[in-house]
Amino acid sequence: MIDYYFTEEHNMFRESLKTFLQKEVVPNIDQWEEDRRIPRSVWKKMGEQGFLGLSYPEKYGGLELDFFFDVVFCEETSKVFSGGFAITQTVTQYMSSTYIAKYGTEALKQKYLPGVISGDLIASIGITEPTAGSDAANIKTTATLEGDYYVVNGSKTFITNGVYGDFIVTVVKTDPKAGPAGVSLLVIDRNAEGVSASKLKKLGWHASDTAELAFDHVKVPKENLIGQEGRGFYYLMGGLQLERLVGAVMGYAGCESAMEYTLQYMSEREAFGRSINKFQVLRHRMAQLATEIESCKQFVLYCSRLHNDNKYAVKECSMAKLLASELSDKVMYQCLQMFGGYGFMEEYKMARMYRDTRVGTIGGGSSEIMREIIAKMIIDDVSYQSASSNSETPSTNGEINLDKILDQIKQRAEAASPIGNTLKFDFGKEQLYIDGTADKNVVSTENKEAACLVESSFEDFLALTKGELNPMGAVMSGKVKIKGDMSVAMKLQSLFN
Amino acid sequence: MYHNIAIHRALYASDEHQMVRQALIDFLKKEAIPHQEKWEKEKCAPKAFWRKMGEQGFLCMDIPQEYGGGGFDFSFNAMVLEESRRLGIDFGQAVHSDIVAPYILRYGTEAQKQHYLPKMVTGELIGCIGMTEPSAGSDLKSLKTTALDMGDYYLVNGSKTFITNGYVADFVCCAVRTDVGISLLLMDKELEGFTTGQPFDKIGIKYQDTCELFFEDVKVPKDNLLGEEGMGFKYMMADLPRERIGIAVESLGSAIGVLEKTLQYVTERKAFGRSIADFQNTQFKLADCAAEVQVYQAFLDRCIELQMQHQLSTEQASIAKLKATEMHGKLVDECLQLFGGYGFIWEYDVAKAFAGARVSRIYGGTSEIMKLIISRGLFKEFYRAKQKELAFQSNTNTQLNK
């Protein structure tokens with residue numbers, strides 16, 4: 001097949017990584033699976049060879065390569081018959097340290113990135129909590145600023161690398177009352193006082209350690225805040241695209257590995273006097289799987305290109321993760337069937353691949369969440385904006401903006417005929433209250449009960465005031481939600497025209 | 001939940017059924033469920049547990065009273081299988097009670113019956129069946145273990161693999177190749193040259209021990225031949241419907257158990273400010289699961305009735321096994337998804353059920369073999385007619401040539 005994505009350089013990198021994995025990882029992987037632990041020495045060796053931090057800046061030890069080197073990395077580490085091996089490093093490189101690289105201060109970068117790139121540091125991302133998995137805005141772990149420190153209390157669960165890792169990019173609530181706008185990211189050292197972990201026993205991914213973490217009055221230096229307070233949720237939304245893309249690459253790469261392994265077995269195994277790769281039903285089944293894997297792979301590579309070109313491709317990345325992880329379950333299930341009784345025995349790698357794949361449609365946003373995102377985009381016309389990596393850019397959600405345009409809104413509302421009732425706009429963190437019961441509309445930022453409540457993002461509200469968004473259309477598409485007296489909302493049109 | 005909308009099950013409605021079911025539930029909750037973790041580590045449910053099952057009368061329930069059994073009908077055996085799996089308990093009782101014991105009852109000499117059956121009922125003797133070999137699984141006819149006729153005894157050489165209960169068992173009902181074809185031998189573990197491998201590490205059903213058996217110049221007394229020499233393949237084929245309906249029933253039991261636990265979980269678990277049972281996706285997924293379980297429950301209950309009358313055909317049993325095990329696999333997968341990350345954690349029953357379910361499409365004849373059997377049944381007449389036609393043609397040709 002003609003290759004549109006990988007150049008000679010990528011292929012050379014692939015060969016050297018493959019050689020390394022065959023020599024240093026594959027012969028030991030069964031032992032590590034049994035030990036439920038991977039020795040740190042292998043990460044050090046990978047760091048020395050320059051396999052880590054491929055796209056990170058040179059000044060921290062990285063190579064500043066394009067994203068397709070990362071794709072090669074994710075593909076090849078997913079082909080050593082151990083999902084647990086692949087996930088340890090993909091979490092470190094693409095799902096946790098990335099937030100420091102993208103939004104962290106220079107000091108934070110200096111502190112953590114060189115270790116991540118040399119293989120000395122293993123990182124975790126702490127999002128999920130016992131009562132909040134998919135529903136990340138609803139987390140309960142709090143970080144209270146006390147002088148130079150945040151004091152963190154709460155717990156996290158299903159945290160990859162949480163037992164043996166070195167630091168956790170932790171999602172905390174710095175303002176517990178503010179919903180998504182109260183979420184921040186903190187770097188917490190794994191061995192900080194008050195952090196404790198218990199190791200979870202899992203269906204698969206045995207080589208990788210997964211922890212339930214408890215934070216009991218953990219003092220975290222103020223400097224460990226990533227980016228701005230209250231912006232954590234937006235950083236996450238951006239970072240999760242990469243996490244999902246990496247999940248998708250791991251998905252199809254695992255499929256390719258299983259196919260190769262299964263086809264080999266089918267050529268050797270005999271039944272009814274011939275090798276089982278001669279039976280029509282089995283041949284067709286493998287042909288079908290090969291077709292699905294190849295089409296999935298090409299789509300994921302297309303998404304990788306979007307990512308490489310800095311396109312914020314929420315829909316595509318969600319689709320890629322959904323498609324590849326679901327396909328992987330199917331491929332492993334059907335490949336295992338080819339092995340008959342041997343497929344159920346741990347002695348064969350197929351058994352492990354089957355166990356390992358099952359978490360793919362759960363971790364990093366479950367298939368249900370992927371479908372939710374895609375449905376919102378294709379049905380409700382919701383669009384997602386990327387969180388800016390430049391921490392100097394004022395928040396579009398900040399008070400500065402509301403202050404700036406408040407006068408403008410006041411003028412306009414006062415000019416319009418009174419709405420005859422009370423109306424409140426709710427932007428999550430801020431409110432705009434219009435009292436039109438007297439002879440003119442009075443505008444304030446008080447948070448009072450109103451007869452009609454209008455919820456929208458601040459961006460959408462701005463678009464409304466500028467006439468870029470049609471009020472009725474915004475309500476229909478779900479961008480603006482109205483609660484209470486609908487008749488008041490009908491007068492929105494008059495306010496904005 | 002679920003049972004409130006399901007069709008009443010006449011098959012298990014008698015007081016006797018209900019008493020046995022309740023006694024079994026109480027017993028397993030006390031004697032099995034709390035010990036699973038330990039058994040998993042040991043890769044085997046201990047003999048002492050088998051004895052307790054036997055003492056309570058839950059093993060070989062349909063063995064006649066003259067051989068120490070309860071003399072119940074097959075529906076009791078089926079109920080024990082379903083209920084055990086509903087509670088997530090999975091050890092090799094089906095092989096013992098529903099494969100080995102019926103073989104001995106049907107084909108054994110009086111002496112063999114007197115020797116084995118009463119002790120199988122009490123759990124003092126545990127049986128296993130030796131069919132699969134490293135190079136012959138689905139393709140049973142090509143098995144290689146040989147039994148040479150040495151006059152007074154058979155000299156057995158070869159090996160067996162994936163033998164459920166192979167480790168804990170006291171004897172194996174073993175398929176071997178003799179001069180006249182495949183025969184069944186009852187081989188006690190104590191025989192010299194008969195060794196057992198360590199239990200395999202498996203994806204799931206971790207305390208249903210599975211291992212290899214090795215035979216090196218094992219001398220088996222002639223008295224231990226089960227039935228007639230050379231009839232082994234026929235015997236095995238004749239009894240496979242019972243084995244397969246048993247597997248189908250176990251899949252159903254596990255599916256019901258997982259469905260019940262999932263229904264419970266989704267009403268308790270909250271996300272986005274409401275319980276996940278409030279989401280339409282959850283509701284529809286579980287409606288689908290409940291509908292599947294109901295359909296298979298009704299179908300399998302009918303199959304059990306047929307089996308009780310010895311009228312369940314091999315095709316019908318294959319259909320039951322094929323479809324019930326596929327439903328089982330699909331259902332536990334869907335339900336695990338609703339548990340989110342917890343579904344991947346081993347201490348959750350749904351993780352164990354998911355892992356265990358995978359082999360139900362493999363053992364007792366793979367889904368592919370089930371399809372082979374069903375399709376052979378479908379085309380039986382077609383090929384018979386074709387053969388006749390060919391015979392007629394060759395006949396005419398010979399006559400013409402004359």
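Among contacts in chain A between residues at least 6 apart in sequence, what percentage join residues at least 24 apart? In this predicted model, the share is 71%. Chain A holds 16 helices and 15 strands. Its radius of gyration is 26 Å. The globule rule gives 23 Å for 497 residues, and the value for chain A is close to that, so chain A is as compact as a globular protein of that length. The C-alpha trace of chain A spans about 95 × 55 × 40 Å along its principal axes. Of the 497 residues in chain A, 48% are buried.

Chain A also touches chain B. The contact involves 30 residues of chain B and 30 residues of chain A. On the chain B side, strand S9 (270–271) and helix H10 (349–357) each supply at least two residues. H10(B) gives the largest share, three residues. By type, the residues on this side of chain B comprise 14 nonpolar, nine polar and seven charged.

Ser251(B) lies in helix H7 (residues 232–268) of chain B. Is Ser251(B) buried or exposed? Ser251(B) has 30 other C-beta atoms within 10 Å. A residue counts as buried at 20 or more, so Ser251(B) is buried. Beyond its neighbours within four places in sequence, Ser251(B) is in contact with Ala324(B), Thr325(B), His328(B) and Ser360(B). Val332(B) is 81 residues away from Ser251(B) along the chain, yet the C-alpha atoms of the two are separated by 10 Å.

Conventions:
Residues numbered from 1 in each chain as written. Chains lettered and ligands numbered in written order. Predicted model: local features only at pLDDT ≥ 70, side-chain atom pairs only at ≥ 80, totals over all residues. Contact = placed C-beta atoms within 7 Å. Helix = DSSP H or I, 4+ residues; strand = E, 2+ residues; numbered from the N terminus. Nonpolar A, V, L, I, M, F, W, Y, C, P; charged D, E, K, R; others polar. Buried ≥ 20, exposed ≤ 12 C-beta atoms within 10 Å, placed from the backbone. Rg over C-alpha atoms; globule rule 2.2 N^0.38 Å.
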